[in-house]
Amino acid sequence: MASGAVRTRVWRNGAVEADNFPFEEISDYLAERDTVVWADLCTPDPEQLDQLAEELGLDPHAVEDAISLHQRPKAVRYSTHLFLSTYALRSNAEGGVDMTHVSAFLMSHSVVTVRLDSGFDIEEVVRRWDDNSDLLKYGKRALEHGLLDVIVDQYFEVIQNLDDQIEELQDLLFDDDGGHTTELQKRTFAVRSALLRVRRVVLPMRDLVETVMRRATTDDEFRSDLGVELLPYFEDLADHILRAAEWTESLREMVSSIYETSLSLADARLNTVMKKLTSWAAIVAVPTAITGYFGQNLKFPGYGSGAGFAVSLVLIIVLCLGLYALFKRKGWL
């Protein structure tokens with residue numbers, strides 16, 4: 001969807017009455033109490049958002065939060081509407097995680113969503129609403145549930161992708177090829193960074209869903225159009241976000257364990273290399289010591305004869321082979 005584009009739809013008594021109608025006609029449908037109006041603004045122009053805020057009576061603080069890039073997922077009740085601020089997640093080609101800030105204004109019989117970029121496919125939300133058209137008789141609460149449900153489902157897709165990457169890291173972890181050490185550490189750090197981004201979104205999202213449910217069950221206005229039939233859907237949504245949070249935490253512990261284990265294995269490999277170097281140094285020291293010793297001005301037995309040379313050569317070979325066998329048995333070579 002292009003910059004500043006608007007997507008609209010209106011339902012009357014749970015059935016779609018108009019789709020993609022002009023933005024200027026929103027006020028006409030809002031005047032009719034038996035309708036539910038939805039408008040989506042993607043990368044809105046400031047003037048466009050100010051116009052909508054003035055027309056619908058949106059709180060200036062909520063409007064400011066809707067276009068902010070650094071908001072924490074939250075649900076805030078204002079005098080004229082309920083404001084939701086959250087993030088949609090998606091995996092990118094490099095295996096990292098991209099975020100899209102998604103906000104929603106819920107009024108008596110209208111919902112306005114605001115996206116700061118086109119990374120979040122709003123048409124998937126529309127398809128979810130169409131697939132659960134029987135819930136639309138509950139009005140804006142059904143639209144709210146469909147939006148949050150799509151966002152949470154995408155969390156699972158992102159977390160599953162990170163889980164697959166961690167499995168690949170585990171396969172590399174015990175690879176005997178020491179050349180993978182740097183690659184392993186780079187990929188581990190990248191996954192840790194991605195998990196941190198996911199955690200910053202998923203954990204507050206749990207509080208957001210709980211706040212929505214709490215208001216829905218205690219506020220008379222919300223309870224009247226939520227209906228007892230829609231409440232289980234929100235409870236299921238809360239269960240999903242709880243599972244996503246727990247999954248994220250378990251992956252965070254796993255990747256930390258992989259990183260620590262990789263450092264331990266690197267130390268172990270270095271220790272093995274030192275053992276090998278020390279062993280070969282000891283083996284090389286034997287002929288060095290013998291030839292060096294007999295090369296001094298002392299005449300060794302057999303000096304100047306073929307027998308003396310044979311004795312020294314046999315002594316070097318026997319001692320070197322003995323040391324090699326000893327170090328091999330100890331696992332140093």
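With the whole chain selected, consider first its contacts, where contact means heavy atoms within 4.5 Å: of those with a separation of 6 or more, 67% are accounted for by residues 24 or more positions apart. The model is predicted, so local features need pLDDT of at least 70 and side-chain atom pairs count only at pLDDT 80 or more, whereas totals for chains, interfaces and linings use all residues. Residues are numbered from 1 along each chain as its sequence is written, and side-chain values use heavy atoms, with hydrogens and water left out.

Colour next by secondary structure, taking helices (H or I, at least four residues) and strands (E, at least two) as DSSP runs numbered from the N terminus; the chain then shows eight helices and seven strands. Of its 333 residues, 44% are buried, where buried means under 20% relative accessible area, exposed over 50% and partly exposed in between, with a 1.4 Å probe and protein chains only.

**The sheet**

Select the seven strands, which form an open sheet of mixed pairing in the order S2-S1-S3-S7-S6-S5-S4, two strands being paired if DSSP finds at least two bridges between them. Strand S2 (15-19) and strand S4 (74-77) stand at the edges with a single partner strand each, so one side of each is left without a neighbour in the sheet. Neighbouring strands are turned by 20 degrees against each other on average, direction ignored; axes here are lines fitted to C-alpha atoms, for helices over the stretch in contact, and angles run from 0 to 180 degrees between N-to-C directions.

Arg7 has Asp40 as its bridge partner in S3, and Thr8 has Ala39. S1 and S2 form a hairpin with two residues between them, and in the turn Asn13 has a positive phi of about 55 degrees. Six of the eight residues of S1 are buried, so this strand is largely enclosed by the rest of the structure.

Now select H5 (residues 140-173), which lies across S1, S3, S5 (82-91), S6 (97-106) and S7 (110-115) and runs at about 30 degrees to S5.

Move on to H4 (residues 122-131), whose buried residues are Ile122, Val125, Val126, Arg128 and Trp129. They cover an arc of only 160 degrees around the axis, which puts them on the same side of H4; the arc is that of the directions from the helix axis to the C-beta atoms. Among what covers these buried residues are S1, S3, S7 and H5. At the start of H4, a side-chain oxygen of Asp121 reaches to within 3.1 Å of the backbone nitrogen of Glu123.

**The cores**

A nonpolar core is a set of buried Ala, Val, Leu, Ile, Met, Phe, Trp, Tyr and Cys residues joined through side-chain atoms within 4.5 Å. Select Leu84, Phe120 and Tyr155, which touch the most other members among the 60 residues of the largest such core. At least two residues of this core come from each of S3, S5, S6, H4, H5, H6 (181-218) and H7 (220-294), and the largest share, 16 residues, comes from H5. A second, separate core of 24 residues includes Val10, Val37, Ala66 and Met107.

**Two buried polar residues**

Select Ser103, found in strand S6 and buried with a relative accessible area of 1%. Its side chain is joined to that of His101 by a polar contact of 3.4 Å; a polar contact is a pair of N or O atoms within 3.5 Å, of which, within protein, one must be able to donate a hydrogen and the other to accept it, and residues adjacent in sequence count only if both atoms are side-chain atoms. Not counting residues up to four places away in sequence, Ser103 touches several residues, including Ala66, Phe83, Leu84 and Val112.

Finish at His109, in the loop between S6 and S7, which is buried with a relative accessible area of 7%. Which backbone oxygen does the side chain of His109 reach at 2.8 Å? That oxygen belongs to Thr35, while the backbone oxygen of Leu30 lies 3.0 Å from a polar atom of the His109 side chain.
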